[in-house]
Amino acid sequence: MMTHIRILAEHAWTKYGVRSVVHPHAGGYIEFEDEIKKLMQDIPHEIAGLCLDTRHL
């Protein structure tokens, strides 16, 4: 999954100048602390960041 996110985020950044964000969410593929940490380790923040939903926080 991280490979797919990275490929899509890199494409969005290099082709369109858009920095992608991932929205960790209950019931999603990135939900728990270990999954969020893995995302942050595998994908540089310059390529994709986290979208923190203030309604859920």
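1. Start with Ile30. Setting aside neighbours within four places in sequence, Ile30 is in contact with Met2, Ile5, Val22, Pro24, His25, Glu35, Ile36 and Leu39. The model is a predicted one.

2. Ile30 belongs to the largest nonpolar core, which has 9 residues. In soluble globular proteins, nonpolar side chains tend to be buried together.

3. Leu39 lies in helix 2. Its relative accessible area is 4%, under the 20% cut-off, so Leu39 counts as buried. Beyond neighbours within four places in sequence, Leu39 is in contact with Met2, Ile5, Val22, Ile30 and Leu50. Leu39 and Arg6 are 33 residues apart in sequence, yet their C-alpha atoms are 9.3 Å apart in space.

4. The length of helix 1 checks out. Helix 1 has 15 residues (2–16), which should span 21 Å at 1.5 Å a residue. Its end C-alpha atoms are 20 Å apart, which agrees. Just after helix 1, Gly17 has a positive phi of about 70 degrees.

5. Which residues of helix 1 are buried? They are Met2, Ile5, Ala9 and Ala12. These residues cover an arc of only 100 degrees around the axis, so they sit on the same side of helix 1. An α-helix has 3.6 residues a turn, so residues three or four places apart point the same way.

6. The cover over the buried residues of helix 1 includes strand 1 (20–22), helix 2 (33–42) and strand 2 (48–50). On the other side of helix 1, Thr3, His4, Ile7, Thr14 and Lys15 are exposed.

Conventions
Residues numbered from 1 in each chain as written. Predicted model: local features only at pLDDT ≥ 70, side-chain atom pairs only at ≥ 80, totals over all residues. Heavy atoms only, no water. Helix = DSSP H or I, 4+ residues; strand = E, 2+ residues; numbered from the N terminus. Expected span 1.5 Å × (residues − 1). Buried < 20%, exposed > 50% of the residue type's maximum accessible area, 1.4 Å probe, protein only. Arc of directions from axis to C-beta. Contact = heavy atoms within 4.5 Å. Core = buried A, V, L, I, M, F, W, Y, C linked by side-chain atoms within 4.5 Å.
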